Amino acid sequence: MSVRRLAEVQPESFAFSKASEEKVAFWLNKYPDDRKASAVIPLLWLAQKQDGWVCEPAIREIATRLDMPFIRVYEVATFYTMFNLEPVGEHLIQVCGTTPCWLRGADDLKAVCETRIGKKGRGNVSADGKFSWEEVECLGACSNAPMVQIANADGDYYYEDLTAEALEKILDDLAAGKQVETGPVTGRKASEPTKAKQKVLVEESLFDGSRAEKITLPNAVSSGEGETPEPKAKRVTSEREKTQAQSGKATAKPAPRDKKEADKPAGSPKAPKKSDPAGKEKDEAVKKTSSKKPAPSRQRPVNPAPKKPAPKRSAPKKKDE
Ligand code: FES
């Protein structure tokens, strides 16, 4: 981002017009007295819409209104590129030069601006004071590329699907003080397909509902006369019950774990009784003990003793040595 400074030439003073004052009051009413600073951007915007740019006296006036240090308002005004810090043309043309617009002909639009208005830059106002232009990054209308935003006292408007000729005409109309329709110049609505009445899905039954089959929701409560009420689904509480309900074996006994257990007679005296409270308590105690994490050792780790280097093996002596 380039350095943004206030214009060298500044007016003596600034005052909000009567119409602007009403809007200022609206914004000030939105915030409690000790949070007035929240209205700094709306007030700067109002000053810009009134005069076309934000001058230094306007920044001081806003700082006074909001009980803010001047430097704080100055910081906001110089940070956001939407604030013009120098006088601009009555209509500021912002040409999007980012890739989708560039691929679709943004260079042609820039050429028109250069020929009609002059050098790029907000402060380079055309001789009649009507226009200035600049290149900006993506304005979020890429599907309607190439496009420009035109900012003036009325607002900020998009003009899309442009060609060099279409932009020329828009500039002509604005210079003549005519109303120019905003949006795509091709006549399409928003970013709908360009061919008139084209539908992505062409089969009628997809739109008129005739294709949809009637379905019955499993838990639907019957209300119509003569209809057979749907059986209420049994409430399933646990995972095990869910599985049983799905497999239809809700009453089946659980299978024995292994063959030995399966071979045991049902009334075997050695089989532990499930209702045995002593055994149950014992099991609980074992569970608790096993689930406890081992307490971390407070002893400092002892460095292992350094390993002794292995003795070198000498080569076996030959017999004749
Ligand atoms: S690239 Fe131009 S609007 Fe997104």
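Which handedness does the crossing of helix 2 and helix 3 have?

A: The crossing of helix 2 and helix 3 is right-handed. A crossing gets called left-handed if the near helix is turned anticlockwise from the far one by less than a right angle, and right-handed if clockwise. Before going on: this is a predicted model, where local features need pLDDT of at least 70, side-chain atom pairs count only at pLDDT 80 or more, and totals for chains, interfaces and linings use all residues. Residues are numbered from 1 along each chain as its sequence is written. Helices (H or I, at least four residues) and strands (E, at least two) are DSSP runs, numbered from the N terminus.

Back to that pair. Axes here are lines fitted to C-alpha atoms, for helices over the stretch in contact, and angles run from 0 to 180 degrees between N-to-C directions. On the helix 2 side you'll find Val40, Leu43, Leu44 and Ala47, meeting Ala58, Ile62 and Arg65 of helix 3. Contact means that the C-beta atoms, placed from the backbone, lie within 7 Å. Sorted by class, that's six nonpolar, no polar and one charged. For the classes, Ala, Val, Leu, Ile, Met, Phe, Trp, Tyr, Cys and Pro count as nonpolar, Asp, Glu, Lys and Arg as charged, and the others, Gly among them, as polar.

Now for another pair. Helix 6 (residues 106-116) packs with helix 7 (residues 164-175) at an angle of about 35°, the axes being 9 Å apart. This crossing is right-handed. Helix 6 brings Asp108, Leu109, Ala111, Val112 and Arg116 to the contact, and helix 7 brings Ala164, Leu167, Glu168 and Leu171. The tally is six nonpolar, no polar and three charged.

Zoom in on glutamate 168, which sits in helix 7. Glutamate 168 counts as partly exposed because it has 15 C-beta neighbours inside 10 Å; the cut-offs are buried at 20 or more other C-beta atoms within 10 Å, exposed at 12 or fewer, and partly exposed in between, with C-beta atoms placed from the backbone.

Helix 6 also lies across strand 1 (91-96), strand 2 and strand 3, running at about 155° to strand 1.

Technical notes: Two residues are in contact if their C-beta atoms, placed from the backbone, lie within 7 Å.
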